[in-house]
Amino acid sequence: MPKSTNIAGYADAYVNEKLAIAYLGSDEEVLKQYAPNEYDVHVTFVYAGDVNMELRKKIIAKYAGYKRATIVSEHALVTPNVQLDEGVCVLEKAVVKADKVGKDTVINTGAIVEHGCVVGENCLAATGAIICGDVKIGNDCLIGAGAIIREGVTICDKVVVGLGAIVTKDINEPGTYIGSPAKRVK
């Protein structure tokens, strides 16, 4: 389990008045002010009208050389056998029983990742997503809020599973999948 962490603040292009932590400036300003040995970093979401996993990956790359903080809410359940790589974030009321959760992945509020699952790097399981047992998810994937992934399914890299979609079979082609059962739309 990760150690307790004090949050110094956040970097963003703009000040967000809704956040109760200090604004440190843009990524560029933070990179100039704080050396890699001074702070651990954690890249959360990159939101520009939708969650952009490619842009998030580019921002993570800007912080190469900084140790990535792994964050687990005290109100989440993570079983002891789970391998959480660096930069993982598990938020409130999430349940993670997976074998492995890859670097820089976010398991959002109330999401469930069951036994035997392997989740790749730079993924997001949005609020209330249910990933049933023995699912394999590639890198750079987004599993939308309320989506359900059937037990034993494999999902390739660079897949977006839309809000409330139900994935009943393997996804072998990058793209966006919506509906029940989920079908590729782009």
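This report covers the cores, cysteines, salt bridges and a surface patch of a predicted model.

## Nonpolar cores

The largest nonpolar core has 35 residues. Within that core, Ile-155 and Val-161 touch the most other members. Val-161 contacts residues on both sides of its own position. Leaving aside residues up to four places away in sequence, Val-161 touches Leu-142, Ile-143, Gly-144, Ala-147, Ile-149, Ile-155, Val-167, Ile-171 and Tyr-177.

A second core is separate and has 7 residues. Among them are Val-30, Val-41, Val-43 and Ile-59.

## Cysteines

The structure holds 0 disulfides. Cys-117 is in none. Its nearest cysteine sulfur belongs to Cys-132 and is 7.8 Å away. Cys-117 counts as buried, because its relative accessibility is 0%.

Cys-123 is likewise in no disulfide. Here the nearest cysteine sulfur is that of Cys-141, at 4.7 Å.

## Salt bridges around Arg-68

A search of the whole structure finds 8 salt bridges. One of them joins the side chains of Glu-86 and Arg-68, at 3.5 Å from N to O. Glu-86 lies in the loop between strands E5 and E6, and Arg-68 in the loop between helix H2 and strand E3, so the pair ties together parts that are 18 residues apart in sequence. Glu-86 is partly exposed, with a relative accessible area of 32%. Arg-68 is buried, at 17%.

Arg-68 also forms a salt bridge with Asp-104. Their closest N and O atoms are 2.8 Å apart. This pair links distant parts of the chain, 36 residues apart, with Asp-104 in the loop between strands E8 and E9. Asp-104 is buried, with a relative accessible area of 7%. Shared partners join Arg-68, Glu-86 and Asp-104 into one network.

## The Lys-100 and Asp-85 pair

Lys-100 and Asp-85 meet through their side chains in a salt bridge of 3.6 Å, N to O. Lys-100 sits in strand E8, and Asp-85 in the loop between E5 and E6. The two are 15 residues apart, and the pair links distant parts of the chain. Lys-100 counts as partly exposed at 31% relative accessibility. Asp-85 is buried, at 14%.

## A nonpolar surface patch

Ile-7, Leu-19 and Ile-21 make a nonpolar surface patch of about 270 Å². Ile-21 is found in the loop between strand E1 (10-11) and strand E2 (23-25). Ile-21 is partly exposed, because its relative accessible area is 36%.

Methods: Residues are numbered from 1 along each chain as its sequence is written. This is a predicted model: local features need pLDDT of at least 70, side-chain atom pairs count only at pLDDT 80 or more; totals for chains, interfaces and linings use all residues. Side-chain values use heavy atoms; hydrogens and water are left out. A nonpolar core is a set of buried Ala, Val, Leu, Ile, Met, Phe, Trp, Tyr and Cys residues joined through side-chain atoms within 4.5 Å. Buried means under 20% relative accessible area, exposed over 50%, partly exposed in between (1.4 Å probe, protein chains only). Contact means heavy atoms within 4.5 Å. A disulfide is a pair of cysteine sulfur atoms within 2.5 Å. Patches are made of residues with over 30% relative accessible area and no salt bridge: like charges are joined within 9 Å, nonpolar side chains (Val, Leu, Ile, Met, Phe, Trp, Tyr) within 5 Å. Accessible areas come from the Shrake-Rupley method with a 1.4 Å probe; for residues, only the protein chains shown count as cover. A salt bridge is a side-chain nitrogen of Lys or Arg within 4 Å of a carboxyl oxygen of Asp or Glu. Helices (H or I, at least four residues) and strands (E, at least two) are DSSP runs, numbered from the N terminus.
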